[in-house]
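Reader: I have a new structure to look at and would like to learn how to read its features. Please take me through them one at a time.

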Amino acid sequence: GEILKGLAEDLKKKLLWWGQADSGMSALSQSAVPPSSIAEIFECAGTLLMLQDTAFSPGLDRSQCQSLALSACTQFLKERLDPGRAVSFTPMNSPPNSPSRTQQLDATESDDEDMTGIISELPIAFLDGLLEATTLYGVSFPIIGDDDSPASNGSELIGSFVQNNFDSF
């Protein structure tokens, strides 16, 4: 029981760190690893949601898990739009050890042709990531119950996420 409680607390700290641009969690940020994919963010949030009504609950409710997951996705996508940190893109959910996922290209060391190719891939990768986040949100947080109001089923939250990210793009 204690091991599962510890794992749930670690997942909670991870999601909180990922979901906040300036979380103030400096001790965690030194040891925490950023998410390797959008799927990893939703795996974390979904696990916390599954533990919500158990003795191992980390104390986050459904709406907090939804908000933190989308906030973490926003941070993940914004990092992918930074040409200085550009990665030769494969799908956003490619394995973290994939050469194209881990190979960082420094703009000062690469020639202009390489950077032009990577920069031209940024819009497609960003939009793919936005689509992936939206899809995984629907899978991770399905509508439950008879209440179809946008506020209760999270459609207002995901709509705002898509609009804000698309507008920032």
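Reader: Is Leu 4 buried, partly exposed or exposed, and what is its relative accessible area?

Author: Buried means under 20% relative accessible area, exposed over 50%, and partly exposed in between, with a 1.4 Å probe and protein chains only. Leu 4 has a relative accessible area of 36%, so this residue is partly exposed. Leu 4 belongs to helix α1, residues 2–19. Helices are DSSP runs of H or I with at least four residues, strands are runs of E with at least two, and both are numbered from the N terminus.

This is a predicted model, in which local features need pLDDT of at least 70 and side-chain atom pairs count only at pLDDT 80 or more, while totals for chains, interfaces and linings use all residues. Residues are numbered from 1 along each chain as its sequence is written, and side-chain values use heavy atoms, with hydrogens and water left out.

Reader: What is Ser 140 in contact with, leaving aside its neighbours within four places in sequence?

Author: Contact means heavy atoms within 4.5 Å. With those neighbours left aside, Ser 140 touches Phe 42 and Leu 49. Ser 140 sits in helix α6, residues 112–140, and is buried at a relative accessible area of 18%.

Reader: How many aromatic pairs does the structure hold?

Author: A pair of aromatic rings is described by the distance of the centres and the angle of the planes. Rings of Phe, Tyr and Trp (its six-membered ring) pair if their centres lie within 6.5 Å; planes under 30 degrees apart count as stacked, over 60 as edge-to-face and the rest as tilted. There are two aromatic pairs. Phe 42 and Phe 141 are edge-to-face, at 6.3 Å centre to centre and 65° between the planes. Tyr 137 and Phe 141 are tilted, at 5.2 Å and 55°. Phe 42, Tyr 137 and Phe 141 make up one aromatic cluster.
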